Amino acid sequence: MFLFRVFSVSVAVTLSLFTVAVAGAQTITRVAIGPFENRSGIAEDDWLGQGLAESVATDVRANGLVVVDLRGLLFRDTSEQVEDRVETVALTEARARGAAWLVMGSYQRVTDQVRIIVRFVHVETGIVARRANIDGVIGRLFELQDEIAPILVDVISAGVNRNASRQVAAIDARGGGTLPTNAQQRPMPRGGLAARPAGDVPTTIIQPTSEPPRIDGRLDDPVWASATHITDFVQIAPVAGAPGTEATEVWMAYDRDNLYFAFYAHYTDPSIIRINRTDRDEALGDDQMAVLFDPFLDQQRAYQFEVNGYGVQGDSLVNADGTGRSRGSNSMSMVTSSLGASYWQRNSGSGMSMSGTFGIRGDSSWNALFETAGELVEDGWTAEMAIPFKSLRYPARAEGESHRWGFQITRRIRGRSEAQSWSPISRDIQGNLTQFGILEGLEEL
């Protein structure tokens, strides 16, 4: 507990700002402290979560605010059903006890690396005002904890932009559309599985272009200078939620005929690149980039398009659980080749399927017309992709009405046994399509 005493002392000056932050705001007087859940699955790490919550509660009390302690309430029932709804339960209790803010989170340790995830939730609206990921080595734990207090001060000072919050959308699993960002109104996917909080759904806007790229694998086309640029990728495995060990860049644009993508897969050590010149749909053991679309936003089926560094194509239809298996199938090889299932099944070893692949695997018997090219560069490989809208099915929209599709980007790095995604994938939420982000900006298709 020495580290937590150091933490309390080191942030005393910072937390004194609470008095300024809440001065004149009589309604912000009660802060609910929820649990910091142990995602490592190692019982010896339980002390870390208790200490984090304890330190936050102590410092909040020391600055004149009332603490609503929810840790005991939530830890009494550890069933999977309650764990899936832990934030909803905490919000309900925080509202009942008159709290204005809820602070809770989770942590994960792998060897000497630790990630602390903190969520600052506005209790009245259920809005996740901010989510902070704090990463480092376990030996620097007190320094990592020291980052929590300034964020909490900033969140309370800023409050909640209610107008902006209304624009935050969640995927409605009952047929698309938007929902208010309220924990008690979160959609439940078919089958009763817990949905991801609305505030955690990433959104990106694709830009139209009048200068389509030449699909040659080189990223020298003028369109990429102004296209939507995505660089925020996190691991799905081996350390879920941690930043990717290798940098990944994706650009995207569209015109009336095609969706265009450019990929730059960086490597600090290019010798670990694994790519082969092979037949279509046969590069399963290679490093690859993939884009996935759920045009109907119903979380039931997605189109997946893959490419490796030589431009070899792969495509498939992915079902709701992140596989291509039909309903009722008992094929374990297909189940374990699902990215969401394989990495989180404790009895699945490395998470590799028997074919040696890993990734979001679907039904590869489905084939679509699209164009790809790729080439090796000094620090990795680049690729380009053009997907005709005629190769996809999507709902009709009235004139002037834009489309909103479920969307995901993934990367495989076989040399590190690593999988990355743009929209984070959690073991706490079953399925992959339920964890897609949102693609906006498509008009006049």
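**Exercise 1: Around Gln235**

Find which residues Gln235 is in contact with, leaving aside its neighbours within four places in sequence.

*Solution.* 
Step 1. Contact means heavy atoms within 4.5 Å. With that rule, the list for Gln235 is Ala240, Gly241, Ala242, Pro243, Gly244, Thr245, Glu418, Ala419 and Gln420.
Step 2. Before going on, know your model: it is predicted, local features need pLDDT of at least 70, side-chain atom pairs count only at pLDDT 80 or more, and totals for chains, interfaces and linings use all residues. Residues are numbered from 1 along each chain as its sequence is written, and side-chain values use heavy atoms, with hydrogens and water left out.
Step 3. Now place the residue: Gln235 belongs to strand E9 (residues 234-237). Helices (H or I, at least four residues) and strands (E, at least two) are DSSP runs, numbered from the N terminus.
Step 4. Gln235 has a relative accessible area of 5%, so it is buried. The cut-offs are under 20% relative accessible area for buried, over 50% for exposed, and partly exposed in between (1.4 Å probe, protein chains only).

**Exercise 2: Salt bridges**

How many salt bridges does the count come to? Describe the one between Asp135 and Arg115 too.

*Solution.* 
Step 1. Use the rule: a side-chain nitrogen of Lys or Arg within 4 Å of a carboxyl oxygen of Asp or Glu. The count comes to 9 salt bridges.
Step 2. In the bridge of Asp135 with Arg115, the closest N and O atoms are 2.5 Å apart. This pair links distant parts of the chain, as Asp135 is in strand E5 (residues 127-137) and Arg115 in strand E4 (residues 113-122), 20 residues apart.
Step 3. Finish with a network of salt bridges, which links Asp216, Arg218 and Glu375.

**Exercise 3: The nonpolar cores**

Which residues have the most contacts inside the largest nonpolar core?

*Solution.* 
Step 1. A nonpolar core is a set of buried Ala, Val, Leu, Ile, Met, Phe, Trp, Tyr and Cys residues joined through side-chain atoms within 4.5 Å.
Step 2. The largest one has 37 residues, and Leu259, Phe261, Val291, Phe293, Phe305 and Ile387 have the most contacts inside it.
Step 3. Among the strands that each supply at least two residues of this core are strand E11 (258-266) and strand E17 (403-413).
Step 4. A second, separate core has 28 residues, including Phe36, Val67, Val118 and Ile156.

**Exercise 4: Aromatic rings**

Classify two ring pairs: Phe261 with Phe407, and Phe389 with Tyr394.

*Solution.* 
Step 1. Rings of Phe, Tyr and Trp (its six-membered ring) pair if their centres lie within 6.5 Å; planes under 30 degrees apart count as stacked, over 60 as edge-to-face and the rest as tilted. There are 13 aromatic pairs in the structure.
Step 2. Phe261 and Phe407 are 6.2 Å apart, centre to centre, with 25° between the planes, and the pair is stacked. Phe261 sits in strand E11 and Phe407 in strand E17, 146 residues apart. Both residues are buried.
Step 3. Phe389 and Tyr394 have ring centres 6.1 Å apart and planes at 75°, so this pair is edge-to-face. Phe389 is buried at 5%, while Tyr394 is partly exposed at 26%.
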